[in-house]
Amino acid sequence: MADCIRVPLLLHLMCILSALHPIRGDNNGVVRLAGNADNLQNPAGGAGPAAVNPGAAERNLGAGASLPRRRSAGWKLAEEAVCRDDLTRLCPKHSWNNNLAVLECLQDKKEETEIAAECNHLLWNYKLNLTTDPKFESVAVEVCKTTISEIKECAAEELGKGYLVSCLVDHRSNISDYQCNQYITKMTTIIFSDYRLICGFMDNCRDDINTLRCGSISTGEKDIHSQGEVIACLEKGLVREAEEQPGAHAIKDDCKKAIMRVAELSSDDFHLDRYLYFACREDRERFCENTLAGEGRVYKCLFNHKFEEAMSERCREALTTRQKLIAQDYKVSYSLAKACKSDLRKYRCSVDTNMPRAREARLSYLLLCLESAVHRGRVVSGECQGEMMDYRRMLMEDFSLSPEIVLQCRSEIEGHCSGLHRKGRTLHCLMRVGRGDVGAIDPNCQRALQTLIQEADPGADYRIDRALNEACESVIQTACKHIRNGDPMILSCLMEHLYTEKMVEDCERRLLELQYFIARDWKLDPILYKKCQGDAARLCHTHGWNETSEMMPPGAIFSCLYRHAYRSVEQGRRLSRDCKVEVQRILHQRALDVKLDPELQRRCMTDLGKWCSEKTEAGQELECLQDHLEDLVSDCRDVVGNLTELESEDIQIEALLMRACEPVIQAHCHEVADNQIDTGDLMECLVQNKHQKEMNEKCAVGVTHFQLIQIKDFRFSYKFKTACKEDVLKLCPNIKKKVDVVICLSTTVRNDTLQEAKEQRVSVKCRKQLRVEEVEMSEDIRLEPELYDSCKQDITRLCQNVAYGNAQVIECLKENKRKLTSRCHQRIFKLQEVEMVDPELDYQLMRVCKHMIRRFCTDSEGKNVLQCLKQNKNSELMDPKCKQMITKRQITQNTDYRLNPVLRKACKADIPKFCQSILNKATADSELEGQVISCLKLKYADQRLSSDCEDQIQVILQESALDYRLDPQLQLHCTEEISRLCPEEAAAQEQTGQVEECLKVNLLKIKQEGCKKEVLNMLKESKADIFVDPVLHTACALDIKHHCAAIPPGRGRQMSCLMEALQDKRVRLQPECKKRLQDRIDMWSYAAKVAPAEGFSDLAKQVLTSPSKNYILTVIGAGVALLFLMGLLCGRFTKRITQELKDR
């Protein structure tokens, strides 16, 4: 204790005060000591104070004249005339017989005017006498005999030098003896009333007092007994130095130690801090009237009311100064030092106790050290944790208690946060600046804020952050009432309700401000730290809770954790189950705001400003970055890509989307949503149910946006990436865009199928997922970028009011195919070619005919679905909407043989053989408008096609005979004629061949040659098979059954049978059939006149296909025979003439 603040003055004063003031009225020993003390200090019995210790009076600015001599026995302050009036006026009469009670009463009066100057001098000399007589040490030895033996440090002190009482003051918190404790307390009260009575204080701080002008120390100046203001002035100077305020004076180390020691020694009783006591007297009565003095209770009470409106500004200032001293040395807080003493020793948080301002003494170090123990699961006493919480809350409430904040954030406070100091508002304002919401922040200020948040650790208990607590009280009461008050899960609950109806704006703002800093240090989330500290140490090389690495960027540990949470890595590098669940929880919450992802914000700062400055709504910034993925700088593109890849695996990261899609999830996807590990199933389910009635606009937009993002990189589709990664590396290397990868793999599958390869190059699991991706892409034209880009103008011009979903835009473009620009037309043709080969990719067909496919085509392969639907098109059970869709697809197929894969395969030899001239004029990516099919129809009529091709053309003829729209050439050339001649039949759309019949009947009225030619071709085709003429077939159905049942259809056989029956007078045909047959004969005759044979072969075909073939052949045969006979006769005649000429 040799270098402690020791002053014989202090020691003697304590002894005497205790002796003067009996602790218990019935304690004879103490009364006796008090009497002895009075005798010792009676100036009348001998020399005055100067005589006892002549140097003391001078060194302590001696008090003026010594007291008048009086009798040595029982001298009382109350008997002095200079103080009698003040005593009568200010002190109760029962205290007059006790010098100490009188002294306490008078010295606690602050204003000079309350006590006469002469009385002040008297009090000063009296106190000086108490502190300068070494005889009083014996009183301390007597009163504190037991205590001295218990405290080894004090027992070892040399007597006679005044160090014993100083030692007892140092250890007064350990004094259990009641009499000794009261004695030491009273002595301390006297000493702390004047800085000049505190041992060594004057010697250590004389120069600093003069420099800072904290008070007068010159001999002869007026001395008042309340010189606590001098200490308060020095304390403020110490604070200014710590905050590096402009003009701050560097206080000497010895004085700093003395100041902090004084603050420490006055920490248990606020009476000992004279400046604060007088500044807060009224506030103490107002706020802490029932709070007992001692053990720092009054300090704590006043601290808790510091920001009350009724608190006086002077008291608030004094309290703030003391709090700042506590921040520099935790021992200045009696309650904290006492409560945490054993824990500090246990966890080695206090290394150099001889250096009050050393790093280990700072409040921040204590908090970080003990918080680290708590977070590591160590036991810290409840009393200590309670004290820690009080001071953590104190740091969050008043930024000025952190000198680093005051120093490093000065410009930010002046520029953005001035006048908001109360209740933590300035700190939250600085957090808002730190987030980048208001101006820019200096990196040093940012680091200071991060350090303060770690010290206060509000993540462990939201109540520490008063501003957050007050702002979110209503939300907590409604949304989080099921969680215990103060539980760390409260913050998690608030995050889960971010941007919901239960959240209020002020709470939302405060929460995001705090979470911004918690997100930058994974240790500040206590639940995450508890669950993941082992994994973080093993996988991410972390330090202890209260250790930081300057080399580790903000958020790096959490980034490391979530990379291991979502990557399939070797067993030894996987996260534990509890840690993974926690990482996923936090990732889900923080994905709401890009600023809660430090790595994303750091790398994408420039791109956020460039592309997304106007995106201020929740979740919009990340969507914006994803939309501009190709435009981002490489670092930003990588981190956005990685986050998007994680979303594809666990779409619940998109919390806002999940909330919007809650009805759909509950109705259709609850099974996959309940899975703890999401592997892309939930998003796939949402896509498949995108058009259910439960789907709302927000959910649909969000799902579509994610689909649009996925096409940028195949890695963004988790299931596709997992299923096809090896196939992509093998078959489609160097291709990144998902749409290109899908096309590459689809083309490979299609080629292998068409070439009937023995083994498919694309794996089964990839082919299965590829089909899912292809179907999803077909739902929205925007999911096929090349098609979308090619048709943007056409969409704006032709499909402006059509919604993108359900492939409606694509269907609109198909219906307006003839009006499309060349580039778009080519793309649509290519799309239709793919869809016809694989009808499952035809989204509209599969959607409209979903139930019909289940009814009629359950056994059909995917590629045969359309063929199956066509075969059942005229069933009574067929849904009208599906039937209409099937007709549309038939119309499309008949425009080009390449859009009919069955026909293309059946006629692959016939098409180049008979229609090569048409193929020579064709282009690879535009329709032939049915020219090849028309060519094949004519060859069918000529009976020159192969059997497979003939079967397919027969089907096409039968279908187009019922619906003229299925004949592209007829529709192309006869649209105007149909409108003019057959409007009623066309409007009926009965698909019974009435329009074709109308054109045949009105053949003579047709003006356009192209249309007339097509009608003539129809007539020619109808000769080949009666099924091609539905009206005639309907009229003659009974006659065919009766007269031609044994004759197989095709090649004109049944038509010839009916013609022979018409000519045979023995056969009686149905009147309608007979009439229709006669009409057909007239039409064919007219057709023969209008369209004469174009050569011998054409003539021969006409004859062979004519119903009057036998008659015509008989006539032709008779004519040939006649010519032959005439030839013979003429030949013989000319031979004779020639011979006669020769004979001449």
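H541 is exposed, because its relative accessible area is 60%, where exposed means over 50%, buried under 20% and partly exposed in between (1.4 Å probe, protein chains only). You'll find H541 in the loop between α32 (526-540) and α33 (556-566); helices here are DSSP runs (H or I, at least four residues), and strands (E, at least two) are too, numbered from the N terminus. Its phi is near 55 degrees, a positive value in a residue other than glycine.

Before going further, keep in mind that this is a predicted model, in which local features need pLDDT of at least 70 and side-chain atom pairs count only at pLDDT 80 or more, while totals for chains, interfaces and linings use all residues. Residues are numbered from 1 along each chain as its sequence is written, and side-chain values use heavy atoms, with hydrogens and water left out.

R348 also has a positive phi, near 55 degrees, and is not a glycine either. This arginine sits in the loop between α21 (341-346) and α22 (363-375), and with a relative accessibility of 71% R348 counts as exposed.

Now for the cross-links. How many disulfides does the structure hold? There are 28, a disulfide being a pair of cysteine sulfur atoms within 2.5 Å. Three of them are set out here.

| Pair | S to S distance | Torsion about the S-S bond |
|---|---|---|
| C144 and C180 | 1.9 Å | 100 degrees |
| C288 and C301 | 2.0 Å | about -100 degrees |
| C915 and C935 | 2.1 Å | about -95 degrees |

Take C144 and C180, whose link is right-handed.

The disulfide of C288 and C301 is left-handed, because its torsion is about -100 degrees. Since C288 lies in the loop between α17 (281-287) and α18 (297-304) and C301 in helix α18, the parts being tied together are 13 residues apart in sequence. C288 is buried at 1% relative accessible area, and C301 is buried at 11%.

Is the link of C915 and C935 left-handed or right-handed? It is left-handed, given a torsion of about -95 degrees. This pair links distant parts of the chain, 20 residues apart: C915 is in the loop between α53 (910-914) and α54 (916-921), and C935 is in helix α55 (residues 931-941). C915 and C935 are both buried.
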